[in-house]
Amino acid sequence: MAVFDDLAAFAAVVRAKSFTRAAAQIGVTQSALSQTVRSLEQRLDLKLLNRTTRSVAPTEAGEQLFRTVEPRLQEIEAELTALGNLRGRPVGTVRITATEHAVRSIIWPRLLPWLPKYPEIKIEISSDNRFVDIVAERFDIGIRLGGDVAKNMIAFRIAPDMRMVVVGSPAYFERNPPPQTPSDLSEHDCIGLRLPTYGGLLPWEFKYGERISSIHVDGRLVFNRSDLMAEAAIAGNGLAWLPADMVREHIDAGRLLTTLNDWEITFPGYHLYYASRRSSSALSLVVDALRLPQS
């Protein structure tokens, strides 16, 4: 079993391209994971990974080993899940990657009442705004906006379309006249969102009639979480471009005001997707729990 664990640990590092991320995914310390891989290298008398302060990449031998063991590890995991299902109760771990907005607004509210029914199903939720290859990173389920769903996946909608709004606090608008068109945003302090896999700041998108425009904004504050953007806007630190449902409560309470209403854009709602080859009773139950409720 020790050899299996060592190979699984090595494969996790190759997939994550990082000891830190791999350690977090499999629930061990970074130092323990590093020692496990080092022991495997010593046992094989081969260098499997090239390590730098910024990245980890397999050597030629490591790449060959990974290509050999990765499909077998997946087969073993699938067989273990199938054996567990013979006990008559659904078991297993289901790993989900989604944006933090999707986790707060959809996943957690739907799974919370569902969890007590299936105590032997483990759920791991990774709240991440980057675009994730769920197969490479061994997630069972991905949840992203409809236009961002990976190809060759089983996918279906789990949320209505998402309307975006530009909001600011009453105090901010007392100091600054509201923009009349998206181009006026260049004169405003805009709170930016940086996505890990996007590189620069996420542009704000608008629609007027059939015309769609993309505006690159600037400001003193940049976050990688939209909930912090909302908090900063409420505190009067600038304008934020956010999903309407995220800030509806603050708009209704008067803590935030909308602007550029005639230019609002709507995106296809969140979709759930998973690889067709992955199937287990636990996965099927989680997928059903996350489906769009029937009206």
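Two strands count as paired here if DSSP finds at least two bridges between them, and strands themselves are DSSP runs of E with at least two residues, while helices are runs of H or I with at least four, all numbered from the N terminus. This is a predicted model, in which local features need pLDDT of at least 70 and side-chain atom pairs count only at pLDDT 80 or more, whereas totals for chains, interfaces and linings use all residues. Residues are numbered from 1 along each chain as its sequence is written, and side-chain values use heavy atoms, with hydrogens and water left out.

**View 1. Strand β7 and its antiparallel partners.** Strand β7 covers residues 162–168, and 3 bridges tie β7 to strand β13 (residues 257–259) in an antiparallel arrangement. Look for Val-167, which stands opposite Thr-258 in β13. β7 also runs antiparallel to β12, with 4 bridges between them; here Met-164 has Pro-243 as its bridge partner in β12. With β14, β7 pairs over 2 bridges, again antiparallel, and Met-162 partners Phe-267. Most of β7 is covered, as 6 of its 7 residues are buried (buried means under 20% relative accessible area, exposed over 50%, partly exposed in between; 1.4 Å probe, protein chains only).

**View 2. A tilted pair, Trp-114 with Tyr-118.** A search of the whole structure turns up 5 aromatic pairs. In one of them, Trp-114 and Tyr-118 sit 5.0 Å apart centre to centre, with 35° between the planes, which makes the pair tilted. For reference, rings of Phe, Tyr and Trp (its six-membered ring) pair if their centres lie within 6.5 Å; planes under 30 degrees apart are stacked, over 60 edge-to-face, and the rest tilted. Trp-114 is buried, at 7% relative accessibility, but Tyr-118 is partly exposed, at 23%.

**View 3. An edge-to-face pair, Trp-241 with Phe-267.** The ring centres of Trp-241 and Phe-267 are 6.2 Å apart and the planes meet at 85°, so this pair is edge-to-face. The two residues come from distant parts of the chain: Trp-241 belongs to strand β12 (residues 240–243) and Phe-267 to strand β14 (residues 266–267), 26 residues apart. Trp-241 is buried, with a relative accessible area of 7%, and Phe-267 counts as buried at 18%.

**View 4. Two arginines over phenylalanine rings.** The charged end of Arg-95 sits over the ring of Phe-139, 4.1 Å from its centre. Arg-291 does likewise with Phe-156, its charged end lying over the ring at 4.2 Å from the centre. A charge sits over a ring if NZ of Lys or CZ of Arg is within 6 Å of the ring centre and within 35 degrees of the ring normal.

**View 5. The β9–β10 hairpin.** Strands β9 (residues 204–208) and β10 (residues 211–215) run antiparallel and are joined by 5 bridges. Lys-207 stands opposite Ile-212 in β10. The hairpin has 2 residues between the strands, and Gly-209 takes a positive phi near 65°.

**View 6. The loop residue Leu-112.** Leu-112 lies in the loop between α5 (100–111) and β4 (121–127). At 46% relative accessibility, Leu-112 counts as partly exposed.
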